[in-house]
Amino acid sequence: MAADESEQAVQAKSPESGQNLLKQGAEGKLYIGQHNGVRCLVKERFSKKYRHPDLDVQLTRQRIKAEQKAFERCKAAGVATPKLLGVDLSGRKIYMEYLERAKTAKQLVDETVLKEDGKEVIARLAAEIGRVVGTLHGHNIIHGDLTTSNVLLDPVEGGELPYRLVMIDFGLSYHSMNVEDMGVDLYVLERALLSAHSEVPEFFELVLDSYRQHNKFKLAETIAKYEEVRARGRKRTMIG
């Protein structure tokens with residue numbers, strides 16, 4: 001995995017574990033550690049002090065198992081993720097492959113948006129994102145937090161593109177055949193792109209064009225639900 005530049009700026013030694021801390025949020029922390037002697041990425045979930053200890057353990061285990069299942073479903077669907085190296089339920093940890101040379105899709109857009117070939121680069125990226133999200137939904141996988149910070153570009157040689165697209169952060173992922181869930185997933189992505197990449201207003205439409213080509217599971221119903229969710233979101237924004 002890789003971190004955005006803003007995340008790289010806060011890299012530090014975790015005082016508790018002595019590991020390289022990459023990112024920390026309300027739910028947990030992400031740091032470079034080891035698993036069976038292999039350098040890897042560790043995602044550790046925090047305990048919630050406001051919850052009953054038994055309930056906290058139960059909910060945390062459910063989320064870790066759900067995330068583990070998402071990795072397995074992605075592999076079956078042909079969607080690239082970091083390799084899952086192991087899970088420690090009692091330690092609240094997931095061990096994953098560390099893609100040291102990868103950068104986020106957000107970094108690529110930020111680096112190229114003002115360049116001469118920026119539009120072409122972003123259009124190719126949008127097509128890849130649409131392909132992968134369409135594949136996820138075609139296999140009833142809801143990501144739950146689709147942003148360009150949760151898409152890694154891992155360098156490759158000799159391919160049609162100079163990278164392979166790797167999806168990360170399945171902490172909110174789940175399995176669903178409900179088209180409204182897919183519509184919400186698309187709406188979350190649209191809002192994320194408008195927020196992070198307002199200088200590329202056509203970004204989401206480019207993603208959606210590719211998505212239509214690669215998701216054959218109830219496509220018309222999914223797009224209709226997305227438009228319905230989008231309309232509700234706009235109404236809430238106008239009302240305040």
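1. In which helix do Glu228 and Arg232 both lie, and how many residues apart are they? In this predicted model, the two belong to helix α7 and are separated by 4 residues, about one turn of the helix. Their side chains meet in a salt bridge with an N to O distance of 3.0 Å, and both partners count as partly exposed, Glu228 at 36% relative accessibility and Arg232 at 33%.

2. Salt bridges with shared partners also join Lys43, Arg45, Glu67 and Asp169 into one network, and the search of the whole structure finds 19 salt bridges.

3. Helix α7 (residues 219-239) is also connected to helix α5, since Lys225 of α7 and Glu180 of α5 form a pair that ties together parts 45 residues apart in sequence.

4. Lys48 forms a salt bridge with Glu27, the closest N and O atoms lying 3.4 Å apart. The pair links distant parts of the chain, with Lys48 in the loop between β4 and α2 and Glu27 in the loop between β2 and β3, 21 residues apart. Lys48 is buried, at 12% relative accessible area, whereas Glu27 is partly exposed at 47%.

5. Helix α5 (residues 179-196) packs against helix α6 (residues 203-214) at an angle of about 150 degrees, with the axes 9 Å apart, which makes the two roughly antiparallel. The crossing is right-handed, and the residues in contact include Leu186 and Leu189 of α5 and Phe204 and Val207 of α6. By class, this contact has 9 nonpolar residues, 1 charged and no polar.

Conventions. Residues numbered from 1 in each chain as written. Predicted model: local features only at pLDDT ≥ 70, side-chain atom pairs only at ≥ 80, totals over all residues. Heavy atoms only, no water. Axes fitted to C-alpha atoms, helices over the stretch in contact; angles between N-to-C directions. Parallel < 35°, antiparallel > 145°, perpendicular 65-115°, else oblique. Left-handed = near helix turned anticlockwise from the far one by under 90°. Contact = heavy atoms within 4.5 Å. Nonpolar A, V, L, I, M, F, W, Y, C, P; charged D, E, K, R; others polar. Salt bridge = Lys/Arg side-chain N within 4 Å of Asp/Glu carboxyl O. Buried < 20%, exposed > 50% of the residue type's maximum accessible area, 1.4 Å probe, protein only.
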